[in-house]
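Please look over the sequence and the structure shown here before reading on.

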Amino acid sequence: MAIHEVTAEDVLQRCARCGSGNRLSLDTLEVGVARREDVDDGLVQLPPCPTCSSTEFLIRAAEGEPEHPALGSFGHLHRLLVGHLHAELVQRGRLHTTLKPKGGGAGTVVVRPLSQETLERWFPQGLRIELPPDEQPHAPGESSQ
């Protein structure tokens, strides 16, 4: 599961199973996934892929997690995009019902939006990750070799 772009309205996700690119409206996403009686506020469940029905999750970096070991790599940039998307959804109030504050008070979900410095350094052309030519998605059933 990978996201490649975040805009004010949607996110571009590439399905890990079939490789199809899917634009998902931010209004269809929410922070928090219920597991029995607990809700994990570090997860965002993506809707099923329209091509293969695979369901994927985005996992925000844990509080206090060390800096990514390969700055500028796809993994590093993806971690930043996931953190930004998570913060954007929280700021918009797109939370699992259990996480929504009672009476409209301040919420308890940790929000870490990207700093202006981080945006300028790693995303000078906008919140997107360009894939190297050898990592471009392929059509379902097409060999990657």
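The points below concern the nonpolar core, a strand hairpin and the salt bridges.

The structure is a predicted model. Its largest nonpolar core holds 24 residues, and a search of the whole structure finds eight salt bridges.

**Nonpolar core**
- Within this core, Ile3, Val11, Leu29, Val31, Leu85 and Phe123 touch the most other members.
- Strand 1 (2–6) and helix 1 (74–91) each supply at least two residues of the core, and the largest share, seven residues, comes from helix 1.
- Leaving aside residues up to four places away in sequence, Val31 touches residues including Leu43, Val44, Leu89, Val90 and Val109.

**Hairpin of strands 4 and 5**
- Strand 4 (residues 31–35) and strand 5 (residues 38–45) run antiparallel and are joined by four bridges.
- Ala34 has Val39 in strand 5 as its bridge partner.
- Two residues lie between the strands of this hairpin, where Arg36 takes a positive phi near 60°.

**Salt bridges**
- Arg128 and Glu5 meet through their side chains in a salt bridge (3.5 Å, N to O); Arg128 lies in the segment after helix 2 (116–122) and Glu5 in strand 1, 123 residues apart.
- Arg128 is partly exposed at 34% relative accessibility, whereas Glu5 is buried at 15%.
- Arg128 also forms a salt bridge with Glu130, with the closest N and O atoms 3.6 Å apart; Glu130 is exposed, at a relative accessible area of 61%.

Conventions:
Residues numbered from 1 in each chain as written. Predicted model: local features only at pLDDT ≥ 70, side-chain atom pairs only at ≥ 80, totals over all residues. Heavy atoms only, no water. Core = buried A, V, L, I, M, F, W, Y, C linked by side-chain atoms within 4.5 Å. Buried < 20%, exposed > 50% of the residue type's maximum accessible area, 1.4 Å probe, protein only. Contact = heavy atoms within 4.5 Å. Pairing = 2+ DSSP bridges. Salt bridge = Lys/Arg side-chain N within 4 Å of Asp/Glu carboxyl O.
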